[in-house]
Amino acid sequence: MSNSPLTHFNAAGDVHMVDVGAKAVTQRSAVCEGYIEMRPETLALIVNGAHKKGDVLGVARIAGIMASKKTAELIPLCHPLPLSHVEIDLQPQPSLSRVYCRTLVKTSGQTGVEMEALTATQIALLTIYDMCKAVDRGMVIQGVRLLEKSGGKSGDWRAEAAAP
């Protein structure tokens, strides 16, 4: 018998999908952040719209939104959720030579949207990498984390401090 507090294991210790059927439908949201560091010249290409592949941040935003909707297909034990809102804010930060990503995902459901927000953030940043790797293979994705979540039985949660 498993005494694990991890919900994806049943009493026998076997992996299973959590039954959320008895949980109340509530408004739920999650906010995540992350960033991709790059050479200043690479960031300048993005900011100035001079990248030959086009609107890097626009494509990354769409990729992140699409990824949030496919999270249950990518993470084996995630429940498919009807998302009511996905917002991805990509902000160039020239002084830090990076693009900062902040993602907000909302639903009305029986389980939270943390995984959808984390997936959206990662894929948006990976798309920037993909579009810019020909000019800068040394880019680094960092700081991807949950900042806050709301709704559900466990209530609201907020990270101690945001990344710079």
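1. You will find Ile-75 in the loop between helix H3 (71-74) and S2.

2. A word on the basis: this is a predicted model, where local features need pLDDT of at least 70 and side-chain atom pairs count only at pLDDT 80 or more, while totals for chains, interfaces and linings use all residues. Residues are numbered from 1 along each chain as its sequence is written, and side-chain values use heavy atoms, leaving out hydrogens and water.

3. The protein has 4 helices and 5 strands, in the order β-α-α-α-β-β-α-β-β. These are DSSP runs numbered from the N terminus: helices are H or I with at least four residues, strands E with at least two.

4. Now to the inside: the largest nonpolar core holds 26 residues, and Ile-88 is among those with the most contacts within it. Such a core is a set of buried Ala, Val, Leu, Ile, Met, Phe, Trp, Tyr and Cys residues joined through side-chain atoms within 4.5 Å. Helix H4 (114-132) is one of the elements that supply at least two residues each, and its 7 residues are the largest share.

5. Leaving aside residues up to four places away in sequence, Ile-88 touches Arg-61, Gly-64, Ile-65, Cys-101, Arg-102, Thr-103, Ala-120 and Ala-124; contact means heavy atoms within 4.5 Å.

Methods:
Buried < 20%, exposed > 50% of the residue type's maximum accessible area, 1.4 Å probe, protein only.
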